[in-house]
Amino acid sequence: QVQLVESGGGLVQAGGSLRLSCAASGSVFGINAMGWYCQAPGKQRELVARIISSGGTNYADSVKGRFTISLDNAKNTVYLQMNSLKPEDTAVYYCNALVATPLLRNYWGQGTQVTVSS
């Protein structure tokens, strides 16, 4: 079994910054990819940013130039640096991981609330 533990959410004013972290633990043989998704009230969960183990990344158009995703393979931890936050970034942010256990399995974190006030 694999557990994803998220941290770093909170309340911030528009223009501010937050850094989210998500650590994978348990039966982790390796990380194939990790990412962050967000879900605002009444909306579907959508991709924010994703990174594969070799370092390739992709971002939602709405966060390009403001958010940076990074992966520490040694710690099985993914980070999301969020700068220039906007009220429309307010959502629950979920960590996602594609983990070799050794079979590839998909896991979700419990979610962390990010609230950006105007």
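Let me start with the disulfide: Cys22 and Cys95 are joined, sulfur to sulfur, at 2.1 Å. The cut-off for a disulfide is a pair of cysteine sulfur atoms within 2.5 Å. The structure holds one. The torsion about the S-S bond of Cys22 and Cys95 is about -85°, so this disulfide is left-handed. The bond links distant parts of the chain: Cys22 sits in strand E3 and Cys95 in strand E9 (residues 91–100), 73 residues apart.

A word on the source. This is a predicted model, where local features need pLDDT of at least 70, side-chain atom pairs count only at pLDDT 80 or more, and totals for chains, interfaces and linings use all residues. Residues are numbered from 1 along each chain as its sequence is written, and side-chain values use heavy atoms, with hydrogens and water left out. Strands are DSSP runs of E, at least two residues, numbered from the N terminus.

Back to the cysteines. Are Cys22 and Cys95 buried or exposed? Both are buried. Buried means under 20% relative accessible area, exposed means over 50%, and partly exposed is in between, with a 1.4 Å probe and protein chains only. Cys38 is in no disulfide; its nearest cysteine sulfur belongs to Cys95, 14 Å away. Cys38 also counts as buried, because its relative accessibility is 11%.

Now the sheet. Four strands make an open sheet, ordered E1-E3-E8-E7, with antiparallel pairing. Two strands pair if DSSP finds at least two bridges between them. The edges are strand E1 (2–7) and strand E7 (67–72), each pairing on one side only. From one strand to the next, the twist averages 15°. The angles come from axes fitted as lines to C-alpha atoms, and run from 0 to 180 degrees between N-to-C directions.

Look at E1. Six bridges join E1 to strand E3 (residues 18–26), and the two run antiparallel. Val2 stands opposite Gly26. Ser7 stands opposite Ser21.

Beyond four places in sequence, Val92 is in contact (heavy atoms within 4.5 Å) with Tyr37, Cys38, Gln39, Gly111, Thr112 and Gln113.

Cys38 comes back in the largest pocket. The space there is about 250 Å³. The lining counts 18 residues, and Cys38, Glu46, Ser62, Glu88 and Asp89 lie nearest the centre. Strand E4 (30–39), strand E5 (46–52) and E9 each supply at least two lining residues. E5 gives the most, with three.

Last, some backbone details. Thr101 and Pro102 are joined by a cis peptide bond, omega about 0°. Pro102 is in the loop between E9 and strand E10 (104–108). Asn76 is not a glycine, yet has a positive phi of about 50°. Asn76 is in the loop between E7 and strand E8 (77–82), and is buried at 18% relative accessible area. Ser84, also not a glycine, has a positive phi of about 50°. Ser84 lies in the loop between E8 and E9. At 40% relative accessibility, Ser84 counts as partly exposed.

Conventions
On a 1 Å grid over the protein atoms alone, a cavity is a set of points where a 1.4 Å probe fits but cannot get out, and a pocket is an open set with protein on both sides within 12 Å along at least five of seven lines; lining residues have an atom within 4 Å of a point. Grid points are joined across faces, edges and corners, and a volume is the space filled by probe spheres set on the points.
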